[in-house]
Amino acid sequence: MPNSAIYRCHCSPPYMSVGHYENFPVASILLPRRLRRPIAVIYRFARSADDIADEGNATPEQRLAELDTYRAELNRIEVYQPTLTPFFNQLEEVIRNHALPLQPFRDLLDAFSQDVVKTRYAHFGEVMEYCKKSANPVGRLMLALYGETDTRSLAYSDAICSSLQLINFLQDVAIDYQKDRIYLPQDEMLKYQVDETQIARHDTAGLWQPFMLMQIERTRKILQGGAPLGKVLKGRIGLELRMIIMGGATILEKLHKTRGDIYTRRPILNAADWLNMFYRAVRAK
């Protein structure tokens with residue numbers, strides 16, 4: 001699914017992600033007070049839609065039908081028709097008050113629908129197309145709330161959000177496999193002679209380590225490509241975003257240190273990491 005605690009940080013309040021939506025920075029104290037409620041409403045939209053796609057015992061057909069009810073509500077908002085539920089009344093208010101685009105909401109629904117029907121990705125291009133729908137829309141909504149919608153900022157945001165989604169995929173290989181999902185590119189698994197039985201066994205033998213190190217380095221470069229946004233955005237928003245970027249970099253460092261052993265040493269951010277990230281984020285402004 002879309003997304004770890006780092007997301008809770010950029011591609012959530014400030015940059016949230018959903019699905020692996022423990023990564024939405026929900027109502028962070030670093031956020032301006034005026035943005036906390038709209039961000040919480042956006043998070044609720046993403047979280048509830050993600051749950052439709054991922055939780056409970058519904059059939060794929062039932063999940064897709066329920067997601068279509070969300071699409072219908074967005075369509076009502078677009079043409080100024082009354083919505084049918086109190087929550088979408090709240091969402092409409094946020095959208096109107098902040099002139100938010102509807103396409104990112106639709107993209108998120110497309111990502112959740114894709115998770116219902118697609119469980120394997122042939123190549124990295126397919127994975128990045130998924131990130132464009134599952135992660136990048138949240139960053140774009142956050143930028144719209146901040147009033148930073150220039151082309152450069154959007155490109156930086158997309159790189160950050162995609163990299164955080166990729167980090168989550170690397171952390172959660174075992175967790176996703178339990179849901180019969182593999183977000184690692186199939187052609188690259190074949191190249192490194194990594195197959196699904198190896199994932200099922202939590203086996204890091206053979207070429208698993210070079211395979212994971214390649215994934216980690218590529219993700220690090222994507223994250224670095226978006227890092228300048230942390231200085232473009234000013235004030236508390238920029239500070240939180242810099243912490244998010246440093247959080248992603250820290251997780252990648254830990255993944256590299258274990259050479260991709262996410263089965264016995266899944267990386268997490270501890271108290272010392274957060275203190276170090278805050279110190280570096282303040283100094284980097």
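A polar atom of the Arg181 side chain lies 3.3 Å from the backbone oxygen of Asp115, which falls under the definition of a polar contact (a pair of N or O atoms within 3.5 Å; within protein, one must be able to donate a hydrogen and the other to accept it, and residues adjacent in sequence count only if both atoms are side-chain atoms). The model is predicted, and local features need pLDDT of at least 70, side-chain atom pairs count only at pLDDT 80 or more, while totals for chains, interfaces and linings use all residues. Residues are numbered from 1 along each chain as its sequence is written, and side-chain values use heavy atoms, with hydrogens and water left out.

- Arg181 sits in the loop between helix H8 (173-178) and helix H9 (186-191), where helices are DSSP runs (H or I, at least four residues) numbered from the N terminus.
- With a relative accessible area of 6%, Arg181 is buried, a word that here means under 20% relative accessible area (1.4 Å probe, protein chains only).
- Although 60 residues separate Arg181 from Tyr121 along the chain, their C-alpha atoms are 9.3 Å apart.

**Cavities**

- Arg181 is also among the residues lining the second largest cavity, as are Asp176, Tyr177 and Ile199; a cavity is a set of points on a 1 Å grid over the protein atoms alone where a 1.4 Å probe fits but cannot get out, and lining residues have an atom within 4 Å of a point.
- The volume of this second largest cavity is about 50 Å³, a volume being the space filled by probe spheres set on the points, with grid points joined across faces, edges and corners.
- H8 contributes the most to the lining of the second largest cavity, namely 3 residues.
- The largest cavity holds about 70 Å³ of space, and its lining includes Phe124, Gln215 and Arg218.
- Helix H5 (124-134), helix H7 (151-171) and H11 each provide at least two residues of the lining of the largest cavity.

**Cysteines**

- The count of disulfides is 0, where a disulfide is a pair of cysteine sulfur atoms within 2.5 Å.
- Cys131 is in no disulfide, and the nearest cysteine sulfur, that of Cys161, is 9.7 Å away.
- Cys131 is buried, with a relative accessible area of 0%.

**Whole chain**

- Of the 285 residues of the chain, 55% count as buried.

Technical notes
Buried < 20%, exposed > 50% of the residue type's maximum accessible area, 1.4 Å probe, protein only. 1 Å grid on protein atoms, 1.4 Å probe; cavity = no way out; pocket = protein on both sides within 12 Å on 5 of 7 lines; lining within 4 Å.
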